[in-house]
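Biologist: Could you take me through how contacts and cores are read in a model such as this?

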Amino acid sequence: MRLGLILSEVGHGLRRNVSMVVSIVLVTFISLTFVGAAILLQQQINQMKGYWYDRAQVAVYLCTQYDVGGNCNSVEATAQQKANIEQVLKSAVLAPLIQHYDFEDHQAAFTRYQKQFAGSEGTSFVTPDFLPETFWVNLKDPSQSDAVVERMSGVPGVEDVVDQRKYLQPIFDALNAASITAVGIAGLMLVAAVLLIATTIRLSAFSRRRELGIMRLVGASNRFIQTPFVLEGVVAALIGSVLASGAIVAVVKFFVQGYLNAKPSSTPFVDLGDAFIVVPILIVGGAGLAAISAAVAIRRYLKV
Amino acid sequence: MIRFDQVSKLYAGNTRPALNSVSLEILRGEFVFLVGASGSGKSSFLRLVLKEENPSSGQIHVLGQNLGKLTSRKVPYFRRNIGVVFQDFRLLPQKNVFDNVAFSLQVIGKSKGFIQEAVPDVLKMVGLAGKSGRLPHELSGGEQQRVAIARAIVNKPSILLADEPTGNLDPATSAGIMTLLDRISGSGTTVVMATHDAGIVDTMKRRVIELVSGQVVRDERKGGYQTHAVPIQRQEPPPAGVGLGSRL
């Protein structure tokens, strides 16, 4: 009985303010889509970090006879130096950080080079002795590469120590910037959505002020008076968040999975599973935000 | 039933209080006229009884409750024991007579069965038995006020507050409304009515409380609109048959 009454009040309110309700739906739709996109971008960043950081190695390049930089003096690293370098890698300081390391000699580096740059002009005149011998070091925790880089840089016979992660950093920075931008836009739009909901609810309450006055006079409880208005805001926002969820799922399905992932690539992309994590966040977040702003907006009419 | 102890009400931005140290007591079943010029504090008095306002100082007890200690969450439940009628009726224009009365029961959560039974009863009592399907604008002023009264008493309140209920009505219609209020009072409901209508007050010969600039200047049993005697500010003992037990 009471539920029916409340729901019919909600229906009346929504019908009375159709244009405002439509604008709430649109604004929450757009803002929550941005929120969802930001979350997806973060998920994408995390996935790529996990994927690439596991593969990123620290390369300890040894001197060749052509090198003058680092600790080299146009002298090829000697066997003794190599043994020393290996000794440092096995030392008590570095051993706990290192998962394993491989040594790549001139010939192996040349083979890999030819494979990687097959068809490019350089392969015709590059000879094995151009390419430095290298210790490829895999770390247990990629974020602790600094210790290895620092320790190895000073060792005689080492030309340079490179953490491959630094090549990835700009990509992650760009993705991060995009995600922060999305969050920023989402924040602004959410502020607009909250204000719009509050205004709509006030309008709705104003057009029903006679009923409200009588309800208060005859002793309707605050919750009874409040609920239809809160539900009105929640229903409108819910439509918006469902649309936003649909948009997020569609983007993942048709753009990420259908377009980006269609070409064979080693980069892992977010999948529908990730999108379905975002959906409840959007729906609960949208409805919750609407409920709070509507409840605050209607409070003035409940003062006794 | 209603007791004011040294109650003052000062509205923000006003130097003169709307009510100034008012002390009075209204007993169960009494019919009280509240008279005085516009701005003398009659409406403030009614609003304070209803706890629509809080007094600036002093204590108000209504129905055994100290209103100062009533939390705002409990105010709606407190108000269910008080009916209110206004000069401008305050009906919902898009609802018919039955629905207007039923609305006040619906919003406090009464069952459909109760409403189906109580509303026709109360409409019959106020003399609108055949008009439950009419919309307010299809009714005369007197009939609209009857609907408002029906709405106020359908929940069987202990107190009925009426703020100039005959202010918009012609004398003949007013007399009808007064008969109705008298009947309601006769059934045990305390009626407090603010009015400017001298004729009504003089005919009814009920207790009259006169306010001037927020102060009680007269509290007279069986008084008229204007007194010819020396103003009595002291309260008389309750009429015979009303013992102390019935106070509050």
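Modeller: Contact means heavy atoms within 4.5 Å. Leaving aside neighbours within four places in sequence, Leu160(B) is in contact with residues including Gly83(B), Val85(B), Ile153(B), Leu181(B) and Val192(B). This is a predicted model, in which local features need pLDDT of at least 70, side-chain atom pairs count only at pLDDT 80 or more, and totals for chains, interfaces and linings use all residues. Side-chain values use heavy atoms, with hydrogens and water left out, while residues are numbered from 1 along each chain as its sequence is written, and chains are lettered from A and ligands numbered from 1 in the order in which they are written.

Biologist: Which residues touch the most other members of the largest nonpolar core?

Modeller: In soluble globular proteins, nonpolar side chains tend to be buried together. A nonpolar core is a set of buried Ala, Val, Leu, Ile, Met, Phe, Trp, Tyr and Cys residues joined through side-chain atoms within 4.5 Å, where buried means under 20% relative accessible area with a 1.4 Å probe, protein chains only. Here the largest has 41 residues, and those touching the most other members are Phe33(B), Val101(B), Val119(B), Ile149(B), Leu160(B), Met178(B) and Leu181(B). Its largest share, six residues, comes from α5(B), helices being DSSP runs of H or I with at least four residues, numbered from the N terminus. Apart from it lies another core, of 34 residues, among them Phe224(A), Ile225(A), Ala290(A) and Val107(B).

Biologist: What share of the residues of chain A count as buried?

Modeller: Of its 304 residues, 41% do. The C-alpha atoms of chain A fill a box of roughly 100 × 45 × 30 Å, taken along the principal axes.

Conventions:
Buried means under 20% relative accessible area, exposed over 50%, partly exposed in between (1.4 Å probe, protein chains only). Helices (H or I, at least four residues) and strands (E, at least two) are DSSP runs, numbered from the N terminus.
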